[in-house]
Structures are given as structure tokens and as C-alpha cells.
Amino acid sequence: MAEVLAVRASVGHALSLNINITWLRSNCKGLIQTIITDQRLVEFFGVISDIESLIVSSFFTFHASFISKSSNGHADSLAKISFYNRVLLLGSCPH
């Protein structure tokens with residue numbers, strides 16, 4: 001679910017920057033399949049609906065594709081650093 005929420009935030013952020021062409025790459029195969037097909041997973045339904053509404057109404061071109069974790073090491077490291085920094089900023093770092 002964290003990945004789905006991160007995608008929703010990323011899509012919203014892209015729109016706030018007036019970006020209307022984007023390519024989402026994720027190592028979450030279920031998320032990518034849900035976005036690019038009519039397959040709906042119950043646990044993601046509301047958030048995926050939000051993402052799809054934003055995509056359809058706001059993006060000129062939107063691509064989504066699966067990328068294996070081994071091919072996505074750099075992005076995974078950056079995401080973990082970003083998450084850790086956000087936790088520190090919010091002051092709720094687990095001890």
C-alpha cells in the first residue's frame with residue numbers, strides 16, 4: 001500500500017509542476033498490472049481510482065512499466081533515503 005500511496009503523491013507532484021508526459025516505472029508488479037489493465041485489487045481500489053482519474057484528466061501521455069528490483073537499485077536507494085529523511089523531519093523516527 002505504501003507504494004500505491006507514493007505513486008498517488010508522485011502523480012500529484014508531477015501535475016503541480018505542470019508535467020503532462022510521464023513514465024512510471026516500479027518494481028511492484030501488482031501495482032503496474034493494476035494501473036495498465038482493468039484488473040482491480042480490492043485493497044488498492046480507492047487509491048488506484050484516484051490515480052487513474054488524475055492520469056486520464058491531466059496527462060497528455062502516461063506510461064507505466066515494471067522494472068525488476070535488481071535493475072532499479074539506484075531509485076530504490078533514493079526512495080529509502082527520502083523516506084528516512086521525511087521520518088526525521090516529522091520527528092517520528094522509530095528508536
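Predicted model: local features only at pLDDT ≥ 70, side-chain atom pairs only at ≥ 80, totals over all residues.
Colleague: In what order do the helices and strands of the protein run from the N terminus on?

Modeller: The secondary structure comes to four helices and two strands. Read from the N terminus on, the order of these elements is α-β-α-α-β-α.

Colleague: What share of the contacts with a separation of 6 or more joins residues 24 or more positions apart?

Modeller: A contact requires heavy atoms within 4.5 Å. Among the contacts in the protein with a separation of 6 or more, the share for residues 24 or more positions apart is 75%.

Colleague: Is F59 buried or exposed?

Modeller: A residue is buried under 20% relative accessible area and exposed over 50%. The relative accessibility of F59 is 10%, so F59 counts as buried.

Colleague: How are the rings of F59 and F62 arranged: stacked, edge-to-face or tilted?

Modeller: Two rings pair if their centres lie within 6.5 Å, and the count for this model comes to one aromatic pair. The centres of the F59 and F62 rings are 5.6 Å apart. Planes under 30 degrees apart would be stacked and those over 60 edge-to-face. The planes of F59 and F62 stand at 55°, and the pair is therefore tilted.

Terms used: Residues numbered from 1 in each chain as written. Heavy atoms only, no water. Phe/Tyr/Trp six-rings, centres within 6.5 Å; stacked < 30°, edge-to-face > 60°. Buried < 20%, exposed > 50% of the residue type's maximum accessible area, 1.4 Å probe, protein only.
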